[in-house]
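Could you walk me through this structure in the viewer, stop by stop? I would like to know what to select next and what is there.

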Amino acid sequence: MAEFVVEFGKDGRPVEADGRLDAAAFHRNHEPIWAVLEKFLAGKSGDVVEAGSGTGQHVVHFATRTPDITWWPSDLNERHLKSIEAWRTHAGLPNIRPPLQIDLTDPAWCPEMHDGSGPTELLAVFCANVIHIAPWRVAEGLFAGAARYLRGDGRLFLYGPFKREGKHTALSNAVFDTSLREQDPEWGVRDIADLEKLAKAVGLALVETTDMPANNLMLAFGRR
Ligand SMILES: C[S@@+](CC[C@H](N)C(=O)[O-])C[C@H]1O[C@@H](n2cnc3c(N)ncnc32)[C@H](O)[C@@H]1O
């Protein structure tokens, strides 16, 4: 069964002196995720926001492979923001910007997105393992912001476990869903049909679904 982490650094995994946190799932999922993102990002340039970056490890991994893309990691949690910045400093890559403090329940995300100090016209938004460990309004704000900030050919990539037509795709996801809802009744594995409705309401549509290891999916949304 998938595990969920609300705050990294409290699960007994080592914490570096500079604040870099380590997510167990990152080591399992970053290569399969990259294989999907790479197909879209290859040969392109522009800005990509990662929503709910957690430790910050994914952005470092992806930025090393995409010198023409500027990565903007983000999170709401202060400890995670410190870890993201520590990973950024440790990597020393010119194409990773300091983390934005984005609260995804806010459809405008954060002031930097509209005061000129942040990115505009995003090539992509990437969000892994966030919307099932958060209230539905986080998904609403994620889609609203993506619709507002994505450029014409941009994509919103959502990685995680999802239901299809109201049904779990695996028993392990059903068990995981129960454990999420026991922790917080507002959390839970989301149904693709509900996400498609959310997307439609803001002018986006599901353009690609990719099966991923461990009963996860990658959903890609673009402009309708
Ligand atoms: C399970 S972690 C996933 C982290 C990372 N994407 C990964 O795959 O390792 C969920 C992340 O969502 C963030 N998060 C939760 N609620 C949020 C909100 N309202 N706005 C932005 N981020 C939020 C948490 O702080 C946490 O970093």
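## First stop: a charged pair

Select D18 and R20: their side chains meet in a salt bridge, 2.9 Å from N to O. A salt bridge here is a side-chain nitrogen of Lys or Arg within 4 Å of a carboxyl oxygen of Asp or Glu. Side chains of opposite charge can pair when their charged atoms come close. D18 is partly exposed, with a relative accessible area of 35%, while R20 counts as buried at 12%. Buried means under 20% relative accessible area, exposed means over 50%, and partly exposed lies in between (1.4 Å probe, protein chains only).

Before moving on, a word about what you are looking at. This is a predicted model, in which local features need pLDDT of at least 70 and side-chain atom pairs count only at pLDDT 80 or more, while totals for chains, interfaces and linings use all residues. Residues are numbered from 1 along each chain as its sequence is written, and side-chain values use heavy atoms, with hydrogens and water left out.

How many salt bridges does a search of the whole structure find? The search finds eleven.

Next, select R137 and E186, which form another salt bridge, with their closest N and O atoms 3.2 Å apart. This pair links distant parts of the chain: R137 belongs to helix α4 (residues 136-149), E186 sits in the loop between α5 (171-183) and β8, and the two are 49 residues apart. Helices (H or I, at least four residues) and strands (E, at least two) are DSSP runs, numbered from the N terminus. R137 is partly exposed at 41% relative accessible area, and E186 is partly exposed at 42%.

Now go to K197 and D194, whose side chains meet in a salt bridge of 3.7 Å, N to O. Both are in helix α6 (residues 192-201), three residues apart, so about one helical turn separates them. An α-helix has 3.6 residues a turn, so residues three or four places apart point the same way. K197 counts as exposed at 58% relative accessibility, and D194 as partly exposed at 33%. For a network, select E7, K10 and R79, which are joined by salt bridges that share partners.

## The sheet

Show the strands. Seven of them form an open sheet with mixed pairing, in the order β3-β2-β1-β4-β5-β10-β9. β3 (100-101) and β9 (204-212) stand at the edges with a single partner strand each, so one side of each has no neighbour in the sheet. Two strands pair if DSSP finds at least two bridges between them.

Zoom in on β4 (residues 122-128) and β5 (residues 150-160): they run parallel and are joined by six bridges. Within this pair of strands, look for A124, which stands opposite R155 in β5.

Then select D47, which you will find in strand β1. D47 is buried, with a relative accessible area of 19%. Leaving out residues up to four places away in sequence, D47 touches T70, W72, P119, T120, L122, L123 and A124; contact means heavy atoms within 4.5 Å. D47 and W71 are 24 residues apart in sequence, yet 6.0 Å apart in space from C-alpha to C-alpha.

## The helices around it

Select helix α2 (residues 57-64), which lies across β1 (46-50), β2 (69-75) and β4, and runs at about 180 degrees to β2. Axes are lines fitted to C-alpha atoms, for helices over the stretch in contact, and angles run from 0 to 180 degrees between N-to-C directions. In α2, pick H58, which is buried at 10% relative accessible area. Beyond its neighbours within four places in sequence, H58 is in contact with F26, N29, H30, I33, E50 and F126.

Go on to α3 and colour its buried residues: H80, L81, S83, I84, A86 and W87. These pack against α2, β2 and β3.

Return to α4, whose buried residues include V138, L142, F143 and Y149. Among the elements that cover the buried residues of α4 are β4, β5, α6, β9 and β10 (216-223).

Finish at D191, in strand β8 (residues 190-191). Residues up to four places away in sequence aside, D191 touches K163, R164, E165, G166 and K167.
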